[in-house]
Amino acid sequence: MKASILSILLLTLLPYIPIYGQVPDSTYSTASPAIPKKRLSTLAWVSTSTYTVSMAGLYHLWYKDSEQQSFRFFNDNREWKQIDKIGHALSSFYLSYGASKALQWTQMPEKKCDLVGASLGFLLLVPIEIFDGFSEAYGASTGDLIADAGGSLLYLGQKKLWNEPRIFPKFSFHTTRYASIRPNTLGDSYLSQVLKDYNGQTYWLSFDIDKFIQFPKWLNLAAGYGAEGMVYARDLQNRLQGYRAYRQYYLSLDFDLKSIKSKSKVVNTLLFFANIIKLPAPAFSFSNNGTTFRALYF
């Protein structure tokens with residue numbers, strides 16, 4: 001199993017933590033003010049050094065003990081019901097979002113920030129595929145790269161269309177019985193299961209309904225996707241071992257933490273990260289097993 005995209009997201013967002021809360025949401029501007037060189041150089045230095053340390057840490061944690069090979073591509077598009085691909089898109093979306101906000105701190109024109117930020121959201125994840133490509137256990141994935149591009153385009157497209165993001169990818173997790181069957185692959189502790197057990201991961205698109213119609217600002221509607229029965233990566237492997245992997249779709253309420261306004265930079269930063277998580281809420285579940293209602297789904 002490749003390095004968890006959630007750990008990648010946390011590592012690659014690190015450079016933007018100190019400055020995200022300093023950038024208020026603003027009107028979409030095309031102005032071209034003089035960019036303070038000191039701020040730009042500070043951002044470049046902090047981002048580059050932190051990102052380098054983050055990637056070094058990621059390599060140490062995930063790839064150090066892997067046998068090396070000549071660079072190759074590996075087609076993993078049919079594995080894990082594509083849950084990992086959606087994780088890539090979520091990561092590149094928030095990397096694009098965070099990079100754009102960080103660049104706005106330098107007073108670069110907002111349109112340029114969005115374009116550069118979306119490009120960075122994609123490029124920051126490319127080294128992961130390079131690591132994978134040289135690792136005997138994995139291989140670089142074109143599907144991952146396409147998903148990375150999709151997340152960046154989801155951010156940039158919304159800024160072009162609405163001057164702001166109104167649809168946010170989110171993540172939730174619950175433990176499953178499958179992790180105990182293959183703990184080395186699916187995780188042997190709660191934290192490792194959050195990162196590795198795709199059966200318990202659900203990815204959402206949370207819609208800011210109040211941006212379209214009159215609706216409570218703190219309440220969103222969310223559509224989710226997940227899968228269960230995946231002890232092995234591919235359907236055939238699961239069937240041969242007596243497991244049935246199947247997709248699940250969800251419709252749920254969601255709580256919009258962005259609606260909480262604070263003058264504190266620290267609080268704004270914490271809310272930015274917390275809003276990536278889909279909080280527990282009532283949900284309808286749709287799958288081959290039928291339709292069910294869950295009073296509280298996470």
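**Exercise 1.** List the buried residues of helix 7 and state what covers them.

*Solution.* Step 1: take buried as under 20% relative accessible area with a 1.4 Å probe, protein chains only. Helices (H or I, at least four residues) and strands (E, at least two) are DSSP runs, numbered from the N terminus. The model is predicted: local features need pLDDT of at least 70, side-chain atom pairs count only at pLDDT 80 or more, and totals for chains, interfaces and linings use all residues. Residues are numbered from 1 along each chain as its sequence is written, and side-chain values use heavy atoms, with hydrogens and water left out.

Step 1: in helix 7 (residues 142-162), the buried residues are Gly143, Asp144, Ala147, Asp148, Gly151, Ser152, Tyr155, Leu156, Gln158 and Lys159.

Step 2: their cover includes helix 4, helix 5 (110-123), helix 6 (126-134) and strand 1, where contact means heavy atoms within 4.5 Å.

**Exercise 2.** Describe the two ends of helix 7.

*Solution.* Step 1: at the start, a side-chain oxygen of Ser141 comes to within 3.2 Å of the backbone nitrogen of Gly143. Step 2: just after the helix, Asn163 has a positive phi of about 70 degrees.

Note on methods:
The expected span of a helix is 1.5 Å times one less than its number of residues. Buried means under 20% relative accessible area, exposed over 50%, partly exposed in between (1.4 Å probe, protein chains only). A polar contact is a pair of N or O atoms within 3.5 Å; within protein, one must be able to donate a hydrogen and the other to accept it, and residues adjacent in sequence count only if both atoms are side-chain atoms.
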